[in-house]
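Please look over the sequence and the model shown here before reading on. The notes that follow are grouped by topic.

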Amino acid sequence: MSAEIRRLRTLVNESPVAIGVEAFDVETALTPTIELHRATGQLITFRAEGSTRALGRPTEIAQVLEGLLANAMKYAPGSAVAVTARHELDEIAIRVEDAGAGIDPQHWDHIFERGFRVDPSAPAPGDGLGLSVARKLVRSQDGDLWVEEGPTGGAAFVMSIPAAPALRIVPGDAEAIIVKSPEPVPMREAR
């Protein structure tokens, strides 16, 4: 029910947090970031399943992906990373899964807190701000970001953003649908 309310708010553009969102193709928005990481030697597979048109701010969604891929490189070095974008109900789910050691479930909520680090004594660059900022960026677009266990036991970060409604017409969108009015039917003369 809450997902439907969020979708309807976005349709009428009354959502106070979803300011400046636009319809965009997730695959097109994410591909440059993935290619950049592949160029550094990171092994990444990417698959988009079904229509991946979403409502959001594509540069910010790509920035969140950048941070997730950088974290996978740092905390699961040498691990293959699988990125999947899929239309699920009224949302686009973007999964970033690594084959590393994973994150203890007791830390799943805490890793999104500002300044939190699983091991504060470990020498790792950063101040524990990346995931906190990433979640705020996604939530400001009526989406969410969370972590769960991946199929190989590694970390699976899931970013969920609203799917673009199929018939939404966005000003300037080359794919806008134009509905033709039926031809008028001539009236018969009364005899």
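A polar contact is taken here as a pair of N or O atoms within 3.5 Å, where within protein one atom must be able to donate a hydrogen and the other to accept it, and where residues adjacent in sequence count only if both atoms are side-chain atoms. This is a predicted model, in which local features need pLDDT of at least 70 and side-chain atom pairs count only at pLDDT 80 or more, while totals for chains, interfaces and linings use all residues. Residues are numbered from 1 along each chain as its sequence is written, and side-chain values use heavy atoms, with hydrogens and water left out.

**The chain as a whole**

- The protein chain holds four helices and seven strands, where helices (H or I, at least four residues) and strands (E, at least two) are DSSP runs numbered from the N terminus.
- Along the sequence these elements follow the pattern α-β-α-β-β-α-β-β-α-β-β.
- Of the 191 residues in the protein chain, 37% are buried, meaning under 20% relative accessible area, with exposed set at over 50% and partly exposed in between (1.4 Å probe, protein chains only).
- Among contacts (heavy atoms within 4.5 Å) between residues at least 6 apart in sequence, 67% join residues at least 24 apart.

**Gln42 and its surroundings**

- Gln42 lies in the loop between α2 (26-39) and β2 (44-49), and it counts as buried because its relative accessibility is 9%.
- The side chain of Gln42 makes a polar contact, at 2.7 Å, with the side chain of His37.
- When neighbours within four places in sequence are left aside, Gln42 is in contact with His37, Leu69, Ala72, Met73 and Val81.

**Helix α4 and its cover**

- In α4 (residues 130-139), the buried residues are Leu131, Ser132, Ala134, Arg135 and Val138.
- Seen down the axis of α4, these buried residues fall within an arc of 165°, so they line one face of the helix; the arc is that of the directions from the helix axis to the C-beta atoms.
- Gly130 and Lys136 are exposed and sit on the face of α4 turned away from its buried side.
- The cover over the buried residues of α4 includes α3 (58-75), β6 (144-149) and β7 (155-162).

- β6 and β7 run antiparallel and are joined by six bridges, where two strands pair if DSSP finds at least two bridges between them.
- Val147 stands opposite Phe157 in β7.
- The hairpin formed by β6 and β7 has five residues between the strands, and Gly153 in the turn has a positive phi of about 95°.
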